[in-house]
Amino acid sequence: MIKVENLTKRFAGQTAIDNLNFEVGKGEIMGFLGPNGAGKSTTMRILSSFMPPTSGRASVAGFDTFEKSLQARAHLGYMAENVPLYNDMRVTEYLDYRAALKGVAHRRIKERVGDVKELCGLKDVEKKLIGALSKGYRQRVGLADALVHEPDLLILDEPTSGLDPNQIRQVRDLIKNLGRQHTILLSTHILPEVEMTCSRVIIINKGRIEACDTPENLLNKMRTATGVVLEAKTGADDGAEELKKIAGVKDVGLTTDGDWQIFSLRAEADADVRAEVFRLASERRWTVRELSRRKATLEDVFVEITHPDEV
Amino acid sequence: MTKFFTLFSREVRAYFYSPIAYIVLVFFLLVSGVDFYFQISFMNQRPVPYSVEEAFFNSVFFWFAFVLIFPLITMRLFAEEFKLGTIEPLMTAPVRDWQVVLSKFFGALLFYVILWIPTVLYFVIFQTITHQPGANSIGAYLGGYLMLLLLGMFYLSIGCFASVLTKNQIVAAIISFATITLLFFLGLVSFILLDISSSTRQLLGYFSAIEQMGTLSRGEIDTRPIILYLSMTIVMLTFTYQAFQWRKWRL
């Protein structure tokens with residue numbers, strides 16, 4: 001559905017994106033992650049034909065975004081960052097206008113606008129001025145606009161920024177549902193959201209793709225993949241030394257909490273060393289108050305990739 | 001073409017969403033009404049060699065109001081889209097750049113024409129009350145309004161260009177006001193500088209909106225201003241189109 005080849009964009013001596021290559025297949029929900037200024041919005045703007053690339057190509061539904069821009073645009077629904085809307089129009093009026101602009105047949109406009117208002121929960125505010133809407137409702141108007149012409153592909157630039165947790169959950173559920181019929185490329189800073197909704201993730205930093213995989217694979221590949229925490233009193237034993245002998249343990253860190261020693265073990269990516277740790281503790285008659293596995297989150301992956309020195 | 005009309009109708013409606021439209025309409029009716037009243041009172045005092053229609057279209061009052069309305073009509077056209085960021089949803093919809101530029105221009109032009117419609121009533125009222133024609137012939141009315149339309153198109157296209165250059169409406173208004181005023185006074189230079197050669201005077205005369213209005217509002221339809229303003233409008237709209245693409249890609 002999306003194909004990006006050697007895509008590069010430079011602004012006045014500054015390289016915003018540098019030689020990007022990726023593909024998004026039909027029906028995928030692709031998460032686009034990266035720190036501010038990494039080039040997410042620039043990539044999305046090129047994909048939505050808003051600006052041409054400096055070099056390289058991008059195509060949407062088989063249409064080049066620059067040479068066949070009108071056809072490419074007809075196949076995609078784009079929601080820009082911060083959802084710019086005409087504040088002096090009413091919700092229904094705006095959606096009618098957008099539907100007509102996107103080539104929805106005149107006799108179908110009413111039906112389509114009705115459908116997207118229903119889907120995005122805009123029925124209560126349909127007669128209100130857009131300028132009077134709360135951030136959450138504006139976001140929904142933007143989403144309804146992106147959906148109104150039944151595009152094959154949705155490109156959403158930070159669809160949940162600035163929303164409260166309840167609204168984020170609503171938008172997330174909506175996106176998940178949309179993913180059944182549409183291909184979606186979405187950018188966000190909220191990482192749990194990506195873990196829950198996306199089938200694949202691209203992490204971009206300083207204009208380059210650092211990683212592109214499923215959320216699970218990204219987690220597994222990490223240095224800090226799995227960690228085990230053991231809180232125990234080891235008496236006379238040197239706990240850290242003993243734990244290091246367990247097969248699969250790479251490293252043991254130690255902190256204390258009063259009499260308690262807190263060991264944090266880093267293990268090989270696919271190893272689960274908890275059973276071995278338990279056996280050791282019971283053999284040596286250590287008093288244990290906690291033995292748990294800390295699963296790495298996408299946040300760890302994100303920090304590791306975009307700020308390697310802070311890990 | 002459907003998309004052009006969708007865009008065009010939004011542009012026209014957009015004028016009436018904002019208070020600016022009503023302020024401009026009221027301001028303009030007030031100034032043109034006062035102008036019309038003054039011209040008639042003046043004519044009541046002594047005989048003059050021109051008609052009410054000529055007097056109305058050639059007064060200082062009229063020109064003062066005239067140059068002021070263009071920045072007000074055009075300043076928001078593109079600047080507001082850039083400022084609010086609505087340029088992004090607009091240009092990611094399947095519309096062509098020229099459709100956007102032309103819809104904004106013609107939207108402004110329609111609003112401009114709407115501004116002038118009430119002035120037709122002045123002449124109707126004049127004729128009903130005094131039982132005298134407001135102009136020497138129908139051609140004089142046509143000439144006067146044709147000149148308004150031509151000059152309006154050119155000045156509106158300058159306003160479009162100014163608005164595409166910035167995201168600040170005030171800056172757009174100042175650029176277009178300064179340009180339009182300068183162009184307008186170019187035609188007055190020959191009245192101020194008396195020691196210029198006659199060929200220079202003649203050249204400046206071609207650009208003098210005041211002289212052209214004098215001719216057309218007498219009912220002499222001169223083709224030179226028609227060609228001049230139509231071609232200048234096309235040139236300015238081409239500049240606007242180019243600048244629009246250039247700006248959009250650098251956002």
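Among contacts in chain A between residues at least 6 apart in sequence, what percentage join residues at least 24 apart? The share is 66%, where two residues are in contact if their C-beta atoms, placed from the backbone, lie within 7 Å. The model is predicted: local features need pLDDT of at least 70, side-chain atom pairs count only at pLDDT 80 or more, and totals for chains, interfaces and linings use all residues. Residues are numbered from 1 along each chain as its sequence is written, and chains are lettered from A and ligands numbered from 1 in the order in which they are written.

Chain A contains 11 helices and 14 strands, taken as DSSP runs numbered from the N terminus (helices: H or I, at least four residues; strands: E, at least two). Its C-alpha atoms fill a box of roughly 80 × 45 × 30 Å along the principal axes. Of the 311 residues of chain A, 41% are buried. A residue is buried if 20 or more other C-beta atoms lie within 10 Å of its own, exposed if 12 or fewer, and partly exposed in between.

In helix 4 of chain A (residues 109-119), the buried residues are A:Arg112, A:Val113, A:Val116 and A:Lys117. They lie on the same side of the helix because they cover an arc of only 130° around the axis, the arc being that of the directions from the helix axis to the C-beta atoms. On the other side, A:Glu111 and A:Glu118 are exposed. The buried residues of helix 4 pack against helix 3 (91-101) and helix 5 (135-147) of chain A. After helix 4 comes A:Gly121, with a positive phi near 65°.

The largest nonpolar core has 121 residues; such a core is a set of buried Ala, Val, Leu, Ile, Met, Phe, Trp, Tyr and Cys residues joined through C-beta atoms within 7 Å. The residues with the most contacts inside it are A:Ala144, A:Ile155, A:Ile184 and B:Leu156. Helix 8 of chain B (residues 138-164) supplies its largest share, 13 residues. Apart from this core lies another, of 11 residues, including A:Leu230 and A:Val273.

Between the chains, 18 residues of chain B are in contact with 21 residues of chain A. Helix 1 of chain B gives the largest share of the chain B side, 5 residues.
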